[in-house]
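Hi there,

Here is the structure I promised to pass on. Have a look at it first, and my notes follow below.

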Amino acid sequence: MSKKFLLLTPEDGADVLKSLAAPARLAILSLLHEKGPMNVNDIADLLELPQSSTSSHINSLETVGLITTESQKGRKGSQKICRATHEEIVLSFSNTKQNQNNVIEVSMPVGLYSEFDVMAPCGLCSESGIVGFLDSPDTYLSPDRMRASLLWFTKGYVEYQFPNNARIAGQTVKELELVMELSSEVPGTSENWPSDIHISINGKTAAIWTAPGDYGDHQGKYTPDWWKLAGSQYGHLKSFRVTNNGTFVDGMRVSDISLKDLALEEHRSIRVRISVPNNAEHPGGINIFGKQFGNYDQDIILRLQS
């Protein structure tokens, strides 16, 4: 299954928040989520709003990307059909740091993905226990996913939407780096279970790293005691770095994808997709470790150096 979420930050979410300030627009979004796609006339009738006001509110929601519209033929001419774009809208006061070396760093919790499409076996864990139901992709919709410190799936992807703070600050990015703890995923554990993990940024596949295995030989340094050795304990801390000269994994050049290909200056956000595609040579699943799990007490880190 595939669902989309919208992640906002105070830096880049002002237009959306302003649009949501009108109670009528919130009512329109609620109605579209409850009833599904609807035409403008039906929305106006059900909410008892003038059609002119309804059209104005819909235009505002469409401008900031909260709904999409399309014209369809009706019995009396054409009608405008409206659809809600996102399942959830999240305002995140993310952990953003900037040091004296012109590096902007954002730490993204592993459960704060903006879109997903995963296949079972899959699941989510927080520091205190299982989130939702094991091996149910529907669990990835749970609001409790925000507490997740570990997630895993067999095939598919999760996508994160980072704020493009360098663009907001008017700075030119010279290097982008992603750091995260990863392993493959097998029912139980196996040190010899390769998996091709794809890292895509703004729609460009920048790197493919083959995780060697899924480790359960000993407890991860930060993995809670209740999570037994039968489950994934820790992974490898990997650095994916994109420069003007290509993409590097732990310092080794792996592709020609450069900063120019990412077009960072054109985007308000930076979309990072972590996936195991169906056509991968080694489709061995993935574990993504966050804080309170694994050997490194950190979430997914994005660094922009200017």
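Which residues of α2 are buried? They are Ala24, Arg25, Ile28, Leu29, Leu31 and Leu32, where buried means under 20% relative accessible area, exposed over 50% and partly exposed in between, with a 1.4 Å probe and protein chains only. Seen down the axis of α2, these buried residues fall within an arc of 160 degrees, so they line one face of the helix; the arc is that of the directions from the helix axis to the C-beta atoms. On the other side of α2, Pro23 and Glu34 are exposed.

A word on the ground rules. This is a predicted model, in which local features need pLDDT of at least 70 and side-chain atom pairs count only at pLDDT 80 or more, while totals for chains, interfaces and linings use all residues. Residues are numbered from 1 along each chain as its sequence is written, and side-chain values use heavy atoms, with hydrogens and water left out. Helices (H or I, at least four residues) and strands (E, at least two) are DSSP runs, numbered from the N terminus.

Back to the helices. Helix α2 covers residues 23-35, and its 13 residues should span 18 Å at 1.5 Å a residue, which agrees with the 18 Å between its end C-alpha atoms. The expected span is 1.5 Å times one less than the number of residues. Just after α2, glycine 36 takes a positive phi of about 90 degrees.

Helix α4 (residues 51-63) has 13 residues and reaches 18 Å from its first C-alpha to its last, close to the 18 Å expected. Its buried residues are Thr54, His57, Ile58, Ser60 and Leu61. Down the axis of α4 they fall within an arc of 160 degrees, so they line one face of the helix. The face turned away from that buried side carries the exposed residues Ser52 and Thr63.

Now for the strands. In β12 (residues 156-163), eight of the eight residues are buried. Gly156, Val158, Tyr160 and Phe162 point one way from β12, and Tyr157, Glu159, Gln161 and Pro163 the other way. In general, side chains in a regular strand alternate between the two faces of the sheet.

Two strands pair if DSSP finds at least two bridges between them. Strand β8 (residues 115-118) runs antiparallel to β12, joined by four bridges, with glutamate 115 opposite glutamate 159. Strand β19 (residues 269-276) also pairs with β12 in the antiparallel sense, over eight bridges, and there arginine 271 is the bridge partner of glutamine 161.

Best wishes
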